[in-house]
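Please read this note with the model open beside you. The points are meant to be followed in order, from the whole chain down to single residues.

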Amino acid sequence: MKAAVDIQCLPLGAVAKEEIYALVDQAIKVIEKAGHDYTVSAFSTTIEGDLEEIWATALEAHLAVQKAAGSNVISYLKLATGPELGTTAEKLARQVKAKEDE
């Protein structure tokens, strides 16, 4: 099933901005390695693909941050599923085409 999961991993106890970035980078490395389409934004990362696969990747990303932090981590997730779910690439292509047609 087509799906998108938006994940934000928040390591508890990390106070320095550089430390937080380094811990969150552990999640992004897991996502990159999994090979899914993904988009990193200022507050979260969106992973697109098969539901079972991206759900497992989100869990692995959460656990990677927890392991690296050595403490508690809270991950916020948003999940969208459906047979007609469009991808970010498709949405961007429509936007580009609309601008070209203007």
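The numbered points below begin with the ground rules and the overall fold and then turn to single residues.

1. This is a predicted model, in which local features need pLDDT of at least 70 and side-chain atom pairs count only at pLDDT 80 or more, whereas totals for chains, interfaces and linings use all residues. Residues are numbered from 1 along each chain as its sequence is written, and side-chain values use heavy atoms, with hydrogens and water left out.

2. The chain holds three helices and four strands, and these follow one another along the sequence in the pattern β-α-β-β-α-β-α. Both kinds of element are DSSP runs numbered from the N terminus, with helices being H or I over at least four residues and strands being E over at least two. The C-alpha trace spans about 50 × 30 × 20 Å along its principal axes.

3. Of the 102 residues in the chain, 27% count as buried; here buried means under 20% relative accessible area, exposed means over 50%, and partly exposed lies in between, with a 1.4 Å probe and protein chains only. The chain exposes about 6900 Å², and carbon and sulfur atoms supply 57% of that area. Such areas come from the Shrake-Rupley method with a 1.4 Å probe, and for residues only the protein chains shown count as cover.

4. Among contacts between residues at least 6 apart in sequence, 73% join residues at least 24 apart, where a contact means heavy atoms within 4.5 Å. As for charge, the mean positions of the 10 positive and 16 negative charges are 3 Å apart. In that count Lys and Arg are positive and Asp and Glu negative, while His and the chain ends are not counted, and each charge is placed at NZ of Lys, CZ of Arg, CG of Asp or CD of Glu.

5. Is T45 buried or exposed? T45 lies in strand β3, which covers residues 45-50, and T45 counts as buried because its relative accessibility is 7%. Leaving aside neighbours within four places in sequence, the contacts of T45 are V5, D6, I7, I28, I31, Y38, T39 and V40.

6. T57 belongs to helix α2, which runs over residues 51-69, and its relative accessible area is 5%, so T57 is buried. When residues up to four places away in sequence are not counted, T57 touches V30, I31, A34, H36 and I47.

7. G35 sits in the loop between α1 (17-34) and β2 (37-40), and with 59% relative accessibility G35 counts as exposed. G35 and I47 are 12 residues apart in sequence, and their C-alpha atoms are 9.8 Å apart in space.

8. L10 is part of strand β1, residues 2-11, and counts as partly exposed because its relative accessibility is 32%. Not counting residues up to four places away in sequence, L10 touches N72, V73, I74 and Y76. The C-alpha atoms of L10 and Q66 are 9.2 Å apart, although the two residues are 56 apart in sequence.

9. Which residues form a nonpolar patch on the surface with about 330 Å² of accessible area together? They are L10, L12, I74 and Y76. Patches are made of residues with over 30% relative accessible area and no salt bridge, with like charges joined within 9 Å and nonpolar side chains (Val, Leu, Ile, Met, Phe, Trp, Tyr) within 5 Å; a salt bridge is a side-chain nitrogen of Lys or Arg within 4 Å of a carboxyl oxygen of Asp or Glu. Y76 lies in strand β4, residues 73-81, and is partly exposed at 48% relative accessible area.

10. A80 is also found in strand β4, and its relative accessibility of 31% is why A80 counts as partly exposed. With residues up to four places away in sequence not counted, A80 touches K2, A3, A4 and L85. A80 and K2 are 78 residues apart along the chain, yet their C-alpha atoms are separated by 8.4 Å.
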